Amino acid sequence: MAERYYQKDMECASREEMVALQNERLVAQVKHVWDNVPYYRKKMEEKGVTPDDIKGIEDLHKLPFLTKDDLREAYPYGLLAKPLADCVRIQSTSGTTGKRVVAFYTQHDVDLWEDCCARAIVAAGGTNEDVCQVAYGYGLFTGGPGMNGGSHKVGCLTLPMSSGNTDRQLQFMTDLGATIICCTPSYAEYLAESIHERGLRDQIKLKAGIFGAEAWSEEMRHDIEAQLGLKAYDIYGLTETSGPGVAFECSEQTGMHINEDHFIAEIIDPDTLEVLPEGSQGELVFTSITKEAFPLLRYRTKDITVLSREKCSCGRTLVKMHKPMGRSDDMLIVKGVNVFPSQIEAVLLENGYPANYQIVVDRVNHSDTIEVLVEMTPEIFSDSLGHITEMEKELVSALKAMLGIYAKVRLVEPKSIARSEGKAVRVIDKRKI
Amino acid sequence: MAIKQITVFLENRAGRLLEITQLLADNKIDLRALNIAETTDYGLLRIIADDTEKALTVLKENGAIATTTDVLAVAVPNVSGGLNTLLRVLANANVDVSYMYSIFGHADENAYMILQLAEADEVVALLQKNDIIVATEEKLGIN
Ligand SMILES: [Zn+2]
């Protein structure tokens, strides 16, 4: 079957066409924020930059960065670039780690956002023949509204389920023959389990799932695909930049195409803030070049990833981002190598250990050491010292394969890993103490 | 003829063994045998308790990781070279012993050893054919 696109002229544009479009849109966007957002104008003035300095994407590096702290400081209206009369919607982050971030949308912003989500649905094989069950939360969270709008644009019959109420989800899924499911990967796993328990597997018609809003591993993908009999697609987005659909996966499943006609992506070193050459691993930075109400220039996502311009078999020319390896806040540098707790967690889960672990980094004789404390469980425990030692060795090699450096494993008793306020302390860096 | 041994995961830290033995003592559980196999980071505490079920429950309720394994308690004549007779019988029959340790005190004139090995049933027959006593749980006062 030939690959289908929602907006082929953009998704398959030549690099020259795309750069020309980005240049034009960036110049206009910089002028727009300069004229309309005093907060931005001040930041630019502090850095000695005016809109005249920005002639195209090669000048992007001259602009100041924007972080979540800026968004909190400017809450609620400080970064608004359009009169409230022109705005039709807000979405917001969960605010679990501090003050909420509120993003504003004009009707045009909503429209372009829904286009991005529609591209993701079409890339996952969606057409107007499909029944698309949206089981992301609806409300302030961007997942439900974004995918709902995208599904409408594609012409799918949209089931606006929102999250939770598994019995009702399964009833609609079977009665109305849902063919596409959009939800978080952990909820997809939960649905798969519930389907198995209720013996509904042969009544499920799902062919594709679009899963995002949380980190998930390749193992989880294979697991969900096998259990639900569908193809699982990744989708990426941030409330700050619009919501899901900033980047989406195609049938090749080797990374997510970034909608470059709306977002310019850069990779920077999170410590030096220097822009890194193509193919480097670093922090992802986005500049939204079409947003009217809430444009962000050089917004630091804190997500660590790699961009790739290798030719994709789907025909799209949009740059691809690797599934984020972790958050720059969590990144540890051990023996000069970047280590993310999420990588260690993935290895533990793959090898049948609980995700309750602690990483201890230290410096002994001028050399970094890393030790992973893992809680023993009744399932892996046995009377054989040889068996336990063997499992430990396997875990050490799996960690070495993932991290590229030797990490010592120490098996500890259950509940012995220190917790503070109910939350486990994942990393102890003794080099900083 | 097999008797139940309890194996407990033991983190290598000062006082951890005492915490376990104190917990068992507080619950009026007597130990018939005890052994520790260890690596640099952790150990396996192996015990024969007078009440296996109760010991297991108490340990698990207190967050310890424990499992049971079938082992044999074999009599060794309390004379010089007494152990050699047993080991020779096993060696001649190519029986591989994973580990062994001794039981506290004496149920009779013999000393008793705990043996962990594969194909225990066949070994029991072999030992009995060679007039070596394999003790039952009753004989050792185990419930
Ligand atoms: Zn592709």
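Me: Is Cys132(A) buried or exposed?
Reply: Buried. Its relative accessibility is 0%. Keep in mind that this is a predicted model.

Me: Which cysteine sulfur is closest to the one in Cys132(A)?
Reply: The sulfur of Cys182(A). The gap is 3.8 Å, too far for a bond. A disulfide needs the two sulfur atoms within 2.5 Å.

Me: How many disulfides are there over all chains?
Reply: The count is 0.

Me: New topic. Which residues hold the zinc ion?
Reply: The protein donors are Cys250(A), His257(A), Cys312(A) and Cys314(A). Each cysteine gives its SG atom, and the histidine gives NE2. They lie 2.1 to 2.2 Å from the zinc ion.

Me: What geometry does the site have?
Reply: Tetrahedral. There are 4 donor atoms, and the angles among them run from 102 to 114°. To count as tetrahedral, all angles must lie between 85 and 135 degrees.

Me: And how are the donor residues spaced in sequence?
Reply: The pattern is C-x6-H-x54-C-x1-C.

Me: What does the pair His257(A) and Cys314(A) tie together?
Reply: Parts of chain A that are 57 residues apart in sequence. His257(A) lies in strand β9, residues 256-258. Cys314(A) lies in the loop between β12 (299-308) and β13 (320-321).

Me: Let's zoom out. How many helices and strands does chain A have?
Reply: Chain A has 11 helices and 22 strands.

Me: How compact is chain A?
Reply: As compact as a globular protein of that length.

Me: What does the C-alpha trace of chain A span?
Reply: About 70 × 60 × 40 Å along its principal axes.

Me: How many of its residues are buried?
Reply: Of the 433 residues of chain A, 54% count as buried. The chain still exposes about 18900 Å². Carbon and sulfur atoms supply 51% of that area.

Me: Let's pick a residue. Where is Asp115(A)?
Reply: In helix α5 of chain A, residues 107-123. Asp115(A) counts as buried, at 8% relative accessibility.

Me: What is Asp115(A) in contact with?
Reply: Tyr6(A), Gln7(A) and Lys153(A), leaving aside neighbours within four places in sequence.

Me: Where is Asp330(A)?
Reply: In a loop of chain A, between β14 (326-327) and β15 (332-334). Asp330(A) counts as partly exposed, at 39% relative accessibility.

Me: What does Asp330(A) touch?
Reply: Val339(A) and Pro341(A), not counting residues up to four places away in sequence. Phe340(A) is 10 residues from Asp330(A) in sequence. Their C-alpha atoms are 6.3 Å apart.

Me: Now chain B. What order do its elements run in?
Reply: From the N terminus on, β-α-β-β-α-β-α-β-β-α-β. That makes 4 helices and 7 strands.

Me: How compact is chain B?
Reply: Its radius of gyration is 16 Å, close to the 15 Å that the globule rule gives for 143 residues. So chain B is as compact as a globular protein of that length. Its C-alpha atoms fill a box of roughly 45 × 30 × 30 Å, along the principal axes.

Me: How many of the residues in chain B are buried?
Reply: Buried residues make up 45% of the 143. The accessible surface of chain B is about 7200 Å², and 47% of it belongs to carbon and sulfur atoms.

Me: Last one. Where does Thr7(B) lie?
Reply: In strand β1 of chain B, residues 3-11. Thr7(B) is buried, at 0% relative accessibility.

Me: Which residues does Thr7(B) touch?
Reply: Among them are Phe381(A) and Asp383(A) in chain A. In chain B, the list includes Leu44(B), Arg46(B), Ile65(B) and Thr69(B). Neighbours up to four places away in sequence are not counted.

Methods. Residues are numbered from 1 along each chain as its sequence is written. Chains are lettered from A and ligands numbered from 1 in the order in which they are written. This is a predicted model: local features need pLDDT of at least 70, side-chain atom pairs count only at pLDDT 80 or more; totals for chains, interfaces and linings use all residues. Side-chain values use heavy atoms; hydrogens and water are left out. Donors are N, O and S atoms within 2.8 Å of the metal (3.2 Å for Na, K and Ca); water is not among the atoms, so sites may look incomplete. Four donors count as tetrahedral if all angles lie between 85 and 135 degrees; four count as square planar and six as octahedral if opposite donors are over 155 degrees apart and all others between 65 and 115; anything else is irregular. Helices (H or I, at least four residues) and strands (E, at least two) are DSSP runs, numbered from the N terminus. Buried means under 20% relative accessible area, exposed over 50%, partly exposed in between (1.4 Å probe, protein chains only). Contact means heavy atoms within 4.5 Å. The radius of gyration is taken over C-alpha atoms; the globule rule is 2.2 Å times the number of residues to the power 0.38. Accessible areas come from the Shrake-Rupley method with a 1.4 Å probe; for residues, only the protein chains shown count as cover.
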